[in-house]
Amino acid sequence: MPSGKAARADAQAASAPDVAGLLAVAVADIGGAERPGQVAMAAAVQRAIDTGEHLAVQAGTGTGKSLAYLVPAARHAVAEQATVVVSTATIALQRQLIDRDLPRLAAAVKPALGRAPVFAILKGRRNYLCLQRAAAGAPEDPAEMLFDARTISATGRQVERLHEWAARTATGDRDELMPGVSEQAWRQVSVTARECIGAQRCPFGTRCFAELARDEAGRADIVVTNHALLAIDALEDFDVLPEHDVVIIDEAHDLVDRVTAVGSAELSAPAVEAAARRCGRMIEDAVTGRLREAATAAARVLDEIPYGRIDVLAEPLAVSLAAVRDAARSCATDVRASAKNNEEDPERVAAGRSALASLDELHGAADRILGAFGADIASRSDVVWMDRPGPAGESSRPPTLRVAPLEVGGLLADRLFSRHTVTLTSATLSLGGSFEPMARQWGLPRPGGQHGPAGRAPAAADAEPGAGPGNAAATVEETGAGDAAGPGDATGPGDATGPRDAAGRAGFGADAAESNSLAWTGLDVGSPFDHPRSGILYVARHLPPPGRDGLAEAYLTELRELIVAAGGRTLGLFSSMRAARQAADELRGRIEFPLLCQGDDPTSQLVTRFAADEASCLFGTLSLWQGVDVPGPSLQLVVIDRIPFPRPDDPLASARQRAVAARGGNGFMSVAAAQAALLLAQGTGRLLRTMSDRGVVAILDPRLVTARYGSFLRESLPPFWATTDPAVVRGALRRLAAGATPPTEA
């Protein structure tokens with residue numbers, strides 16, 4: 001974290017306009033209205049920047065959180081001549097910031113700041129078309145042998161379109177290509193950072209899209225990026241992002257998963273064979289021959305390993321991995337030696353870099369997996385598992401060994417929070433009434449203070465009369481500086497397996513969170529929605545607990561009756577694709593409404609059709625839990641089939657639960673329940689997208705009200721009016737479908 005921030009706070013405030021005034025100017029310029037939650041959040045972000053204390057802000061849909069953090073970010077960047085990095089998880093939010101929010105903000109605050117803040121977007125090199133690779137062609141793809149002729153032909157047509165696009169694009173940004181192309185096609189015209197030959201050597205260096213984007217970002221006040229590149233910047237020993245002192249992480253609920261993905265590695269037999277092919281004629285056949293032999297042996301060994309976590313390194317696997325590691329190292333040594341004679345030939349340099357990238361990845365993955373099996377299972381830092389193709393539709397995917405970090409909190413604490421002032425925000429950060437479950441995963445210390453039960457603060461002194469749940473004037477505030485007590489200790493009284501454990505015991509990265517540089521505050525600015533009067537939370541308590549053999553007939557009947565009462569207008573969120581397909585197949589013959597199911601067409605097209613037809617229903621799984629924004633009467637019923645706990649055989653989640661239990665905590669609550677709470681909060685958040693929206697969230701899993709952990713999960717959801725009465729909820733849905741006022745207003 002940059003030093004001297006607190007000392008500079010007064011000077012900065014004197015030289016720059018007040019953040020509240022800037023926000024008012026920006027809101028007025030876009031024709032908006034002041035929102036208490038937005039004002040409170042902007043003030044908190046400015047305070048974090050001034051003091052250097054990290055901030056976690058939960059801001060419900062409709063708060064206007066992007067302006068709430070962009071205004072203080074712009075003020076700081078211009079006043080201090082510094083760079084602020086804004087990181088998001090999704091392309092949609094990146095586009096909203098770059099195409100809408102930042103241009104409006106820059107124009108609005110220019111008179112007050114003296115100049116318009118400059119902004120840019122920066123992504124990883126692989127996201128930009130590489131002119132050199134497009135011209136020279138890509139080396140043999142490791143996945144080419146896995147696809148049939150029709151797939152390869154389709155890929156060829158996409159590559160032709162990419163070459164045509166290359167001649168007219170100004171940015172080379174993959175996300176601007178509409179419609180998009182397959183990953184296999186994109187690999188033919190893009191390179192990773194390791195494969196890049198460098199702008200100085202490349203004949204297209206002066207026109208390189210990735211380098212132009214980096215140059216633009218280097219001149220910007222605000223740089224928008226993604227969580228993956230933010231993670232790479234933290235992981236690597238060289239700078240990927242421009243020098244910056246403040247980081248704002250939107251969609252922070254996804255941060256841990258994105259950082260975990262960046263910190264993972266994999267190894268498969270086709271990848272080993274492809275690396276040998278990429279060596280081509282650069283080295284002796286005898287050397288590449290050893291790598292091919294290692295690939296053949298690996299194929300035999302990996303084919304015998306069943307799906308799941310690997311806790312014991314069997315001798316055949318150890319021997320095979322060592323052979324791959326050693327052969328890859330020998331090939332890499334010879335490729336580097338041969339490259340010295342080809343430094344003036346860009347195509348040969350590119351081929352060498354491509355081969356080295358594959359060889360280094362293989363060597364690193366094999367070596368890391370071999371080193372992951374320490375004697376003490378509980379103290380291992382990595383998790384290894386075998387990932388195999390599913391029963392249908394994935395036969396082309398080879399058996400693949402994967403390795404991922406058990407936790408990333410220590411990394412984030414050491415490489416992100418200790419070096420920058422960080423604000424994290426999302427509509428869903430407080431789980432079970434506390435920020436601590438998420439903060440633990442980020443590597444921040446336990447809160448040292450709390451306000452009100454379960455960390456809930458009373459309304460601020462200047463709050464409007466009647467402030468309460470759903471009103472932005474009622475906030476939740478927690479502070480963390482490494483103290484032993486926290487709001488988790490105030491939740492779940494008398495329940496040893498409840499929220500107390502989830503929020504108050506072991507979590508990820510706790511050992512790294514000891515420095516004062518990790519001090520943080522958690523703030524819930526609420527939501528402008530009046531949840532109790534706008535929506536109903538219905539739990540089907542009368543249904544049996546969900547089983548493992550698909551949806552029971554009672555669930556299908558309940559689902560049908562709810563859809564009929566709602567007149568369609570239903571988003572069905574299922575815990576698995578199998579359950580979504582079963583429900584779609586069974587109900588298409590029982591209801592008269594159009595029923596769309598994820599997988600029938602591209603998800604974006606399905607969502608568009610669902611929004612356009614008020615009577616339609618859309619069923620799907622994970623991406624719909626977080627990626628659907630359908631305001632208005634097309635969505636008045638959200639149905640969730642079961643509490644979305646991770647599967648018991650999920651390798652990473654089960655290993656994390658075991659690690660928490662080994663430290664004396666409750667692994668189920670800290671990992672499985674926390675993950676389920678986050679997904680439930682995201683899923684239920686699909687219902688209300690505008691102030692005029694009304695509807696019902698129906699959760700068919702009775703455990704939400706019957707199990708001991710149910711209170712923790714319910715505390716993580718918006719404060720809808722709740723019922724378990726089927727007649728009440730069906731009546732409400734029928735009145736909504738007829739255009740009447742919802743029952744909570746009667």
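A: Here goes: this is a predicted model, and 53% of the 746 residues in the protein chain are buried.

Q: Good start. How many helices and strands are there in the protein chain?
A: The chain has 28 helices and 20 strands.

Q: And which residues have the most contacts inside the largest nonpolar core?
A: Those are L129, I249, F417, W442, L680 and L713, in a core of 89 residues. Helix α25 supplies the largest share of this core, with nine residues. Another core, of 39 residues, lies apart from it and includes V19, M41, I49 and V109.

Q: Staying with L129, what is it in contact with, leaving aside its neighbours within four places in sequence?
A: Its contacts include W165, W186 and F209, along with L162 and V189.

Q: Switching to sheets: in what order do the seven strands of the open sheet come?
A: The order is β16-β17-β15-β18-β19-β14-β20, with parallel pairing. β16 (595–597) and β20 (721–723) are at the edges with a single partner strand each, so one side of each has no neighbour in the sheet. On average, neighbouring strands here are turned by 15 degrees against each other, direction ignored.

Q: How many bridges pair β14 with β19?
A: Five bridges, joining residues 535–539 of β14 to residues 695–699 of β19 in the parallel sense. Within that pairing, Y538 has A698 as its bridge partner in β19.

Q: Which strands does helix α28 touch?
A: Helix α28 (residues 726–737) packs on the sheet and touches β14, β18, β19 and β20, and its direction makes about 145 degrees with that of β14. Helix α25 (residues 667–684) lies across β15, β18 and β19, running at about 160 degrees to β18.

Q: New topic: how many salt bridges turn up in the whole structure?
A: A search finds 37. In one of them, the side chains of K65 and D250 meet at 3.8 Å, N to O. K65 sits in helix α4 and D250 in the loop between β5 and α11, so this pair ties together parts 185 residues apart in sequence.

Q: Is D250 buried or exposed?
A: D250 counts as buried, because its relative accessibility is 1%. K65 has 22%, so K65 counts as partly exposed.

Q: What about R689, which residue does it form a salt bridge with?
A: R689 pairs with D629, and the closest N and O atoms are 3.0 Å apart. R689 is in the loop between α25 and β19, while D629 is in the loop between α23 and β18, so the pair links parts 60 residues apart in sequence. R689 is buried, at a relative accessible area of 17%.

Q: And which residues are linked in a network of salt bridges?
A: That network links E266, D387, R397 and R402.

Key. Residues are numbered from 1 along each chain as its sequence is written. This is a predicted model: local features need pLDDT of at least 70, side-chain atom pairs count only at pLDDT 80 or more; totals for chains, interfaces and linings use all residues. Side-chain values use heavy atoms; hydrogens and water are left out. Two strands pair if DSSP finds at least two bridges between them. Helices (H or I, at least four residues) and strands (E, at least two) are DSSP runs, numbered from the N terminus. Axes are lines fitted to C-alpha atoms, for helices over the stretch in contact, and angles run from 0 to 180 degrees between N-to-C directions. Contact means heavy atoms within 4.5 Å. A nonpolar core is a set of buried Ala, Val, Leu, Ile, Met, Phe, Trp, Tyr and Cys residues joined through side-chain atoms within 4.5 Å. Buried means under 20% relative accessible area, exposed over 50%, partly exposed in between (1.4 Å probe, protein chains only). A salt bridge is a side-chain nitrogen of Lys or Arg within 4 Å of a carboxyl oxygen of Asp or Glu.
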